[in-house]
Amino acid sequence: MIVTKSTGSWYTVFDMGSGEEFRCRLRGALRLEGRRSTNPVVVGDEVVVEKTAESDYLITSILPRKNYLIRRSTNLSRESHIIAANIDYIYIIVSAEQPRTNPEFIDRVLVTCEAYKIPATIVVNKSDIDSGEEFREIYELAGYEVINTSVKTGEGIEELSSRLRGGLSLLTGNSGVGKSSVINAIDPSIGARVGNISHYHRKGMHTTTFSEIFRLSNGGFIIDTPGIKGFGLVDLDNDELARYFPDLSRYAPECGYYNCTHIHEPDCAVMQAFAEGKISESRYESYLKMLDDDGKHRK
Ligand SMILES: Nc1nc2c(ncn2[C@@H]2O[C@H](COP(=O)(O)OP(=O)(O)OP(=O)(O)O)[C@@H](O)[C@H]2O)c(=O)[nH]1
Ligand SMILES: [Zn+2]
């Protein structure tokens, strides 16, 4: 059974076998086990549910997670908040124009995906305005899949819909790229609900404990994360960063120094590959920016 909604005290659990939904509480001991994060049971968790003598439903255990995404609770807090667990795919919805998505944003999300080993696909929406050839070049060279969608012409909507059928997918993207519109085109009943959440979020009415998985009529599950702020890695060292750029790390074994940072060292195979056009400028720039930013925040 999979947790599809959590309010902090109540959980909605879906039984894939029977298609039934249960409203459950959490057995007390589980609450204590999860105290390092603000939420011990999260959407996407596979759980065991038992019916009590009082005819209540209790979550009695959580199966091991294959992965989970975290967001820091607040800037000051060391506690982390888990957004969701057991994510099969991440779709980064972007647009080339109106608004143009900043590639650095895409690269930050991709680093997160790599670190958690979740396969990521880039969806260039609004292909009726601009199909985003620039993004296609950058990300196909880096080894990622890029697909086009348009809510206006219907391009790619069927394809995305059939991909989403296969598991639990997290959809993310900056405001305005058309995330709600795309979800709406795939499944109008879900689209309306997602749109509302997005609206509340913008008005600052969003609370971090609020998370929900939507069941698409085609059988897939999606998580929509409107608040990308703070989405990502809690701890990432500079010397680890290149590992999460597969297009850079591919060449790193050939570098002269085993701990090469690929910035200034002689005999750097990554810089050589960059000079030969095997690594795109935009990706290498993002790598440098992320080293800088994260470096500044280092204790
Ligand atoms: N031309 C074109 N416009 C689109 C497309 N998809 C969405 N839009 C428009 O883009 C604007 C933003 O769409 P939304 O679906 O609200 O975008 P969102 O990403 O959900 O944004 P938030 O609600 O702010 O999170 C709307 O005016 C849509 O009509 C598309 O494929 N082509
Ligand atoms: Zn190097």
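This is a predicted model: local features need pLDDT of at least 70, side-chain atom pairs count only at pLDDT 80 or more; totals for chains, interfaces and linings use all residues.

Modeller: The secondary structure of the chain comes to 10 helices and 13 strands, and buried residues make up 37% of the 299 residues. Among contacts with a separation of 6 or more, 61% link residues 24 or more positions apart.

Colleague: What makes histidine 262 count as buried?

Modeller: The cut-off is 20 or more other C-beta atoms within 10 Å. Histidine 262 has 26 C-beta neighbours inside 10 Å, so it counts as buried. You'll find histidine 262 in the loop between α8 (246–249) and α9 (269–275).

Colleague: Which residues does histidine 262 touch, leaving out those up to four places away in sequence?

Modeller: Ala242, Leu248, Cys268, Val270 and Met271. To be called a contact, two C-beta atoms must lie within 7 Å.

Colleague: And cysteine 268, buried or exposed?

Modeller: Buried, because cysteine 268 has 21 C-beta neighbours inside 10 Å, and the label asks for 20 or more. Cysteine 268 also sits in the loop between α8 and α9. Not counting residues up to four places away in sequence, cysteine 268 touches Cys255, Gly256, Cys260 and His262.

Colleague: Which residues does UniProt list under "binding site"?

Modeller: An unreviewed UniProt entry lists Cys255, Cys260, His262 and Cys268. Keep in mind that such annotations may be inferred rather than shown by experiment.

Colleague: Let's turn to the ligand. How many residues surround ligand 1, and which are the closest?

Modeller: 17 residues surround ligand 1, and the closest are Ser175, Gly178, Lys179, Ser180 and Ser181. Helix α5 (residues 179–186) gives the largest share of that shell, 3 residues. By type, the shell divides into 4 nonpolar, 9 polar and 4 charged.

Colleague: Why is valine 177 called buried?

Modeller: Valine 177 has 23 other C-beta atoms within 10 Å, so it is buried, given a threshold of 20 or more. Valine 177 lies in the loop between β11 (168–172) and α5.

Colleague: How far apart are the C-alpha atoms of valine 177 and serine 95?

Modeller: They are separated by 5.4 Å, though the two residues are 82 residues apart along the chain. Valine 177 touches Ser95 too, along with Ile93, Val94, Thr101 and Asn125, not counting residues up to four places away in sequence.

Colleague: Why is β11 described as largely enclosed by the rest of the structure?

Modeller: Because 5 of the 5 residues of β11 are buried. Leu168, Leu170 and Thr172 point one way from β11, while Ser169 and Leu171 point the other way.

Colleague: What makes β8 and β11 a pair?

Modeller: A pair needs at least two bridges. Strand β8 (residues 89–95) and β11 have 4 bridges in the parallel sense, so they pass the test for pairing. As one example, isoleucine 90 stands opposite leucine 170 in β11.

Colleague: Which members of the largest nonpolar core touch the most other members?

Modeller: Ala84, Ile92, Val94 and Ile122, out of 71 residues in that core. The contacts of valine 94 include Ile106, Ile122, Phe135 and Val177. In general, nonpolar side chains tend to be buried together in soluble globular proteins.

Colleague: One last stop: how do β2 and β3 run, parallel or antiparallel?

Modeller: Antiparallel, with 4 bridges joining strand β2 (residues 11–14) to strand β3 (residues 21–26). Valine 13 stands opposite phenylalanine 22 in β3. Their hairpin has 6 residues between the strands, and glycine 19 takes a positive phi near 75 degrees there. Strand β3 is also joined to β5 (residues 57–62) by 3 bridges, and those two run parallel. Leucine 26 has isoleucine 59 as its bridge partner in β5.

Conventions:
Residues are numbered from 1 along each chain as its sequence is written. Chains are lettered from A and ligands numbered from 1 in the order in which they are written. A residue is buried if 20 or more other C-beta atoms lie within 10 Å of its own, exposed if 12 or fewer, and partly exposed in between; C-beta atoms are placed from the backbone. A residue is near a molecule or strand if its C-beta atom, placed from the backbone, lies within 6 Å of it. Ala, Val, Leu, Ile, Met, Phe, Trp, Tyr, Cys and Pro count as nonpolar, Asp, Glu, Lys and Arg as charged, and the others, Gly among them, as polar. A nonpolar core is a set of buried Ala, Val, Leu, Ile, Met, Phe, Trp, Tyr and Cys residues joined through C-beta atoms within 7 Å.
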